[in-house]
Amino acid sequence: MCKLSKTVFVISCIILPAIITATPASSFYQRQTGDWATEFRGNARLLGIIANNPANSFFYQNEMDSTGGLTGRFLLDISNDDWFAFELNVYNQITYSSLESKGYPSFTTTEKKRSQVFENQYIDNQNADGRIVVDRINVSLYSDYAEITLGRQAVSLATTFYFTPNDFFYPFSAQNFYRIYKSGVDAARVETKLGNLTQLTLLAVLGYKVDSESNNRNSTAMDNDQNSYLVRILSVLTNFEIAVLAGKVFGQNMLGMSLQGELFNWIGIRAEGHQSVLSDRLGWNPLFTIEFDHRYANSLNPKIAWFHNGIGTDKPSEYLKVLQESTTILPYPGKSYLAIGTSYEFSPLLSGDIVAIVNLGDNSWQVSANGIYSVNNETEISLLVSIPFGTESNGLDVKSEFGLYPATAGFELRSYF
């Protein structure tokens with residue numbers, strides 16, 4: 001049985017039992033009792049991807065690879081409008097992949113930066129993986145003046161869309177079009193108002209020791225040297241929202257800023273960046289991005305962004321070293337990037353996105369396009385195509401970044417209940 005046929009067979013074995021045993025919308029639950037509200041929600045995703053790999057036997061054993069998977073997600077929210085909120089987000093994921101070689105993605109910074117105590121891997125072999133993961137579990141207490149959140153929670157400090165150097169915890173890649181569920185980290189967060197237009201955020205995120213034998217390279221043992229502590233002050237000045245942040249992230253002292261607003265009541269502008277400070281080893285290596293966009297009345301929303309990656313390099317031969325030694329979780333080895341993209345709603349049921357990411361140092365680039373069709377209010381189909389352009393490498397002799405990427409095509413069926 002060929003690799004692709006085997007993938008189709010495995011996906012069928014996964015999805016058919018799910019369809020047969022699926023319950024109707026009665027599994028959705030919502031209740032309001034006085035000031036208290038309880039809501040159960042769910043999401044199921046069926047995914048299939050085919051990849052045409054570069055002719056590089058060191059990174060890719062097969063000419064073609066395929067991946068299939070099914071993810072079921074359960075969400076519970078309990079809240080009181082006056083002072084309390086509880087969030088639980090758990091998913092069960094089963095995947096199969098024909099990938100048997102090292103694969104270029106394995107050289108990116110894949111550590112999850114969170115404990116494995118809330119993760120149970122029940123299928124673990126060369127081609128299949130199955131796991132149950134508590135993605136978020138947290139409690140929030142709030143008043144008119146402050147909000148405190150404790151537990152595994154999604155943390156986003158990003159202002160920009162494509163490149164997000166200030167999103168230190170599980171950032172989305174520029175080519176990621178599906179951004180509904182951001183993974184959580186084990187953290188404590190306090191937010192309080194310093195005025196009508198000013199907010200102070202205090203954030204502490206736990207770090208964990210590396211365990212090379214675990215599937216995400218993290219253990220359940222905490223590492224105080226990898227803890228993160230951040231302070232951010234956000235305020236509004238005329239038509240712009242400006243934020244300054246400082247602290248320690250994964251052992252590195254950081255000083256950063258962000259800005260967003262509108263120029264001439266027509267062009268949206270967003271910028272963010274940070275610099276590692278008090279580090280003789282890293283020196284002056286700012287990470288900074290600036291992004292412009294405009295949304296037309298017909299829903300067309302073009303964007304353009306430039307990203308300077310201070311810890312990157314203009315030498316393709318050093319890409320792998322940069323990724324392995326990176327002080328951030330962003331998977332960009334180059335020094336300078338450009339992103340040009342747009343989104344458009346063709347009809348109430350059909351929408352699309354496209355983006356081209358260019359490595360300005362080696363002139364390689366990648367185009368990714370995504371189309372979403374809504375079957376009904378609860379179900380949608382997503383089609384994704386990604387095509388790289390760049391000089392192909394010879395083994396470890398890397399010639400360009402995107403020349404190492406495969407061309408991929410995939411589909412996803414999503415259902416919400």
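Tutor: Strands here are DSSP runs of E with at least two residues, and helices are runs of H or I with at least four, both numbered from the N terminus. The model is predicted, so local features need pLDDT of at least 70 and side-chain atom pairs count only at pLDDT 80 or more, while totals for chains, interfaces and linings use all residues. Residues are numbered from 1 along each chain as its sequence is written, and side-chain values use heavy atoms, with hydrogens and water left out.

Salt bridges, in which a side-chain nitrogen of Lys or Arg lies within 4 Å of a carboxyl oxygen of Asp or Glu, number 15 in the whole structure. One of them joins the side chains of D167 and K182, at 3.3 Å from N to O; D167 and K182 both sit in the loop between β7 and β8 (185-195), 15 residues apart. D167 is buried at 4% relative accessible area, and K182 is likewise buried at 8%.

Another salt bridge brings together the side chains of R414 and E380, at 2.9 Å from N to O. Because R414 lies in strand β22 (residues 407-416) and E380 in strand β21 (residues 379-389), this pair ties together parts that are 34 residues apart in sequence. R414 also meets E412 in a salt bridge of 3.4 Å, N to O, and both E412 and R414 are buried. Through shared partners, salt bridges join R45, E380, E412 and R414 into one network, and E380 is buried as well.

On the surface, D35, D81, D82 and D144 gather in a patch of negative charge, where patch members have over 30% relative accessible area and no salt bridge, and like charges are joined within 9 Å. D144 is found in the loop between β6 (128-142) and β7 (146-153), and D144 is exposed, with a relative accessible area of 66%.

Notes
Patch = residues over 30% accessible without salt bridge, like charges linked within 9 Å, V, L, I, M, F, W, Y side chains within 5 Å. Areas by Shrake-Rupley, 256 points an atom, 1.4 Å probe, with all protein chains shown as cover. Lys, Arg positive; Asp, Glu negative; His and termini not counted. Charge placed at Lys NZ, Arg CZ, Asp CG, Glu CD. Buried < 20%, exposed > 50% of the residue type's maximum accessible area, 1.4 Å probe, protein only.
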